[in-house]
Amino acid sequence: MSALTQIQQESASMEAFSEHLAEVGWQLDYCQLDRDIAPSSMTMSATPAAAVAHFKVGSAIHHRIGSPEGMSTFGVLAGRQADTRIGARRFRPGDMLHAHSDDGLDAVIGSGFDGFVLNFADLSLEQLAHKHDLGLPARGGSEREIAGEHYRAILNMLADIEQLAGQAHVPQWDVLDMIENDLPLLVLKAWSNAKPDSHINRRSRTQACQRAVEYIRGSGGEVRTVHQLCDVAAASYSTLERGFREHYGLSPKQYLVRSRMAGARRALIRGDHGGLITDIAYQWGFAHMGKFAADYRAIYGELPSQTLRIPCLLYT
């Protein structure tokens, strides 16, 4: 019988939450778009063939949803909540996303996000689909609106798993069977009976935004203007402007500033440049110290000097 593992993590800041997730094998590649308004947490029950994770996120972030090698990832919301976008479209209760390998989905989630991420081994899904004559999601990233009864059934089973997994008197194999068999079968039935969403934007604006964001993330703060992004993305200013607002709810300039600000925050936490705030700010493209401090405080709710005084041990 497979072993059942349970993990709980909670952190007051997005940086600390990301560090804690990395310790248990979850890599969160993200850009924080606003300050932390609440703690972020994850509760996970996992076996070698499947994992059920309940996430509550206390800040707005942009990240790429992928999946571990050899597994398929599904996601559903726990109910009505803050604005969440997958690609250029709002992600609503009753929607289900699917991501596989590196061909994932762009996601922007609002402060107060509450949802479930489900990972199932590809081989297990293939066996279930063959046994019950069900369709499998195509590789890559996609999204569907599932029927109400299927959505409610999935949420009810997830609530049962979360409740039973923490009770010592419940036989472990009962929970394990729900995670490895009952839940993935329910997910496949919901997916097979749903229609693909025709409104998901997979065209030129999406591709241009993805090229621009990849360039920003790999530049180490060297990108300073939207025109640089236009050149890399092979797109006009107006195309990028519209695409970024569709996908991330921000203009390209606003996204660029937040990305550089996030880099400066990480450098402050690490104590780069001997903890000299001016050097860190200059490295990430902020020449006016007063504006840098004001913008930093508007996003993170504290001054750069306050971040610098936080012991690094809190983030490791």
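Student: Which residues does Gln 283 touch, leaving aside residues up to four places away in sequence?

Tutor: Gln 283 touches Arg 224 and His 273, where contact means heavy atoms within 4.5 Å. This is a predicted model, in which local features need pLDDT of at least 70 and side-chain atom pairs count only at pLDDT 80 or more, while totals for chains, interfaces and linings use all residues. Residues are numbered from 1 along each chain as its sequence is written, and side-chain values use heavy atoms, with hydrogens and water left out.

Student: What joins the side chains of Gln 283 and His 273?

Tutor: A polar contact of 2.9 Å joins the side chains of Gln 283 and His 273. The term requires a pair of N or O atoms within 3.5 Å, one able to donate a hydrogen and the other to accept it within protein; residues adjacent in sequence count only if both atoms are side-chain atoms.

Student: What makes His 273 partly exposed, and what is its phi?

Tutor: His 273 is in the loop between H8 and H9, and its relative accessible area of 41% makes it partly exposed. Phi of His 273 is near 55°, a positive value in a residue other than glycine. Most residues other than glycine have a negative phi.

Student: Why does Ala 234 count as exposed?

Tutor: Ala 234 has 68% relative accessibility, so it counts as exposed. This residue sits in the loop between helix H6 (226-233) and helix H7 (237-248), and its phi is also positive, near 55°.

Student: What makes Ser 11 buried?

Tutor: Ser 11, in strand S1 (residues 5-11), has a relative accessible area of 5% and is therefore buried. Its contacts beyond four places in sequence are Ala 16, Phe 17, His 20, Pro 39 and Ser 40. The side chains of Ser 11 and His 20 make a polar contact of 2.7 Å.

Student: How do you know that H5 and H8 are roughly parallel?

Tutor: Helix H5 (residues 204-218) and helix H8 (residues 252-270) pack at about 25°, with axes 10 Å apart. Axes are lines fitted to C-alpha atoms, for helices over the stretch in contact, with angles from 0 to 180 degrees between N-to-C directions. Under 35 degrees counts as roughly parallel, over 145 as roughly antiparallel, 65 to 115 as roughly perpendicular and the rest as oblique. H5 and H8 are therefore roughly parallel. Val 213, Ile 216 and Arg 217 in H5 meet Tyr 255, Leu 256 and Ser 259 in H8.

Student: Why does Ser 259 count as buried?

Tutor: Ser 259 has 14% relative accessibility, so it counts as buried. Beyond four places in sequence, Ser 259 touches Cys 31 and Ile 216.

Student: At what angle do helices H3 and H4 cross, and what does that make H3 relative to H4?

Tutor: The axes of helix H3 (residues 148-164) and helix H4 (residues 172-192) come within 10 Å and cross at roughly 165°. That makes H3 roughly antiparallel to H4.

Notes
Helix = DSSP H or I, 4+ residues; strand = E, 2+ residues; numbered from the N terminus. Buried < 20%, exposed > 50% of the residue type's maximum accessible area, 1.4 Å probe, protein only.
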